Amino acid sequence: MCCDIKRRFLLLYATQKGQAKAIAEEIWQQAGVHGFEADMHCISEMDKYNLETEKDPVVIVISTTGTGDPPDTARKFVKKIRDRTLPPDYFAHLQYGLLGLGDSEYTFFCNGGKTVDRCLQELGAHRFYDTGLADDSVGLELVVDPWIDGLWLALKEAFLLRKEKEDMSSNVNAVSSSLPAAPYVVHELNLSSEVQNLKLEDEGARSSDVLSQTSVDINLKPSTRDTEPSLVHSVPPVSQSALNIPALPPEYIEVQFEDALGENPHLSSLISEGAAFEVPITKAVQLTREDAIKTALLLELDIAETVFDYQPGDAFCITCPNNANEVEELLQILGLSEKGEHFVRVKVKQGTKKKGAAHPQHIPERCTLRFILTWCLEIRAIPKKAFLRALVECTSDGGEQRRLQELCSRQGASEYTRFIRDCNVCLLDLLHAFPSCKPSLNLLIEHLPKLQARYYSVSSSNLYQPGKLCFVFNIVEFPACPTRPVSRRGVCTGWLADLVTPLLHPKRSATDTKGGRPSTEKISIFARPNNTFRLPADPSVPFIMVGPGTGISPFIGFLQHRQKLREEHTDWEFGETWLFFGCRHKDRDYLFKQLRCFLENGTLTHLKVCFSRDSSTAEVAPPKYVQDVIRLHAKDVARVLLKERGYFYVCGDKKHMADGVSDAVVDILSMEMEVDRLEAMKLLATLREAKRYLQDVWS
């Protein structure tokens, strides 16, 4: 391919939190180096591209959100290509390559990408490049980097194939409209084998800045004992390698400080997902004992003066700020302590080379610097490699520069995962570890993502407690480690715990306020309905609930709702209800001992509990985990699911519980139906598809 002719391809991205957009921008930046021109658009901008008439290859980068849904920006597009009235050859002219982003900790891994891929195939589109599925639970870059590397060869082959077809068309007009499919299939198979042979190691200078430093740890001054790598220290072979690092992202934000006074925008202006409500916290209860491993709190919100509505099983979102001490620390490191209350104006830099540069929607055009760092930017976010690459340019010490280059390089991929990703290192940690790094404010705004609202499962029923909304959470703790020498609490859970201290310790608070009543704190919330994790529409249908730890939260709402329905409709028929609950210690973290009340009044038919850390003197040790208890009731579980067409709900930790529960259900189905495990897994998949096996899980 001639280097002076740039071949165009259409580049579409569908993003929820900015990850897919950042990867698309990386592809756009690399395209020119390889002799291509990427025409990049958000997939929602359907007025700027037309797949019905698109002749050039199409590259799609798409993430997955929620429980397997496409991003909000892709909903209109997905609805369009799911139209069953479209003919099967609707996209027969289209060649595409798709990169899906997801997290295998969740059941429907990369389902957003898989859905688009399947729909395009059903409408006759052809893949010119194998679909890539990147897993955020182990590191997106493990798939993303080699997928992008292989993309350029695949595009080159696609253009060559098109040229061959055009040449054939010009020579043989009679077959211009119907070339045989076989050559394409052969090409695709050959290309697949080439792409599958791509490896993670350095393959030359493709799309990257190649550094030829071979000196070992310049200026890092390690002690003779430092034979192991760390966040700030490298060892051979990485320390002696020439490095392939990402291209330097172009700057596109300009920040201007203003002397004028004013008011910061209201928090509701930061929320694009729906109406926000400011509601008071009226009650706080610590559900665990002081010596429990985790601290669980129940909070009650007063929503009586709002139109906020919810159903049991729904979730809702809380707008939370960054930790005030961390914001102050960041201002000090940046040398901006005196300017925290100064108003700043943020705008796009004139003449920027960034494709489609736009003012970040989550940053007000005018507000104080402290407001931006407190409410707008996720300062705890794990820095992406592009951010590390940009930080290199802000670092004056040669050794620190080299180490940052290593951490964002292809050669340092495993060390990035080990010392940054796995350790939850954030910007503050990096600035402490690399003290000569002094990034500009505009760089932070460009690279730090939006501070996301945190969502929680509702733990109450509006029918049972009108005007009230309750939820339960553990205070998340991040212990100190060599990479991060300070312990931290979760952004939202730590903030909430501080807010409700006066409610948890009223005597202490009364002393602090010199006898006065503690003030009622308010928080900003908005709805996040879960239209599938709901009670069966028919109350006579039986259901099983599995919710260890704080996973019990939505089921309290289920049971409250069911109890109220039983009181109001004595003539209705109600199906049996099962609850499997587990925790570490019966006397320390049995969150809702009042479950017995639901059992006694008939709302709950069966309550099965287990305690994983309590010792037992029984000859036969009791089961420790909910999945073990479920296996003890195999016949009842099979009866409810198969004979009575009941529902099965799971809420809680994905990796350490939900997967174990689904394995137990597969074993039960296999045993009770006398089929092999594969058939049992297919049956469980059918139950999921029918929305009778439902999960609300987190990693």
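Tutor: Contact here means heavy atoms within 4.5 Å. The model is a predicted one.

Student: OK, start with Ala158. Which residues does Ala158 touch, not counting those up to four places away in sequence?

Tutor: Leaving out residues up to four places away in sequence, Ala158 touches Pro57, Gln95 and Phe128.

Student: And where does Ala158 sit?

Tutor: Ala158 is in helix α4, which covers residues 141-171.

Student: Is Ala158 buried or exposed?

Tutor: Buried means under 20% relative accessible area. Ala158 has 1%, so it counts as buried.

Student: How far apart are Ala158 and Asp56?

Tutor: In space, 9.2 Å from C-alpha to C-alpha; in sequence, 102 residues.

Student: Which residues go on which side of β12?

Tutor: Ala315, Cys317 and Thr319 are on one side, and Phe316 and Ile318 are on the other. These residues are all buried, and both faces of the strand are covered.

Student: Which strand is joined to β12 by four bridges, and which by five?

Tutor: Four bridges join β12 to β15, residues 454-457. Five bridges join β12 to β19, residues 522-528. The β15 pairing is antiparallel, and the β19 pairing is antiparallel too.

Student: What stands opposite Ala315 in β19, and what is its bridge partner in β15?

Tutor: In β19, Arg528 stands opposite Ala315. In β15, the bridge partner of Ala315 is Ser457.

Student: Now the sheet with β20 in it. What is the strand order?

Tutor: The order is β22-β21-β20-β23-β24, an open sheet of five strands with parallel pairing. The edge strands are β22 (606-611) and β24 (693-698), and each of them pairs on one side only.

Student: By how many degrees are neighbouring strands of this sheet turned against each other?

Tutor: By 10 degrees on average, with direction ignored.

Student: Back to β20. How many bridges does β20 have with β23?

Tutor: Four, in the parallel sense, between residues 543-546 of β20 and residues 647-653 of β23. Within this sheet, Ile544 stands opposite Phe648 in β23.

Student: Which helix lies across β20, β23 and β24?

Tutor: Helix α20, residues 654-673, lies across those strands.

Student: At what angle does helix α20 run to β23?

Tutor: At about 155 degrees.

Key: Residues numbered from 1 in each chain as written. Predicted model: local features only at pLDDT ≥ 70, side-chain atom pairs only at ≥ 80, totals over all residues. Heavy atoms only, no water. Pairing = 2+ DSSP bridges. Helix = DSSP H or I, 4+ residues; strand = E, 2+ residues; numbered from the N terminus. Axes fitted to C-alpha atoms, helices over the stretch in contact; angles between N-to-C directions. Buried < 20%, exposed > 50% of the residue type's maximum accessible area, 1.4 Å probe, protein only.
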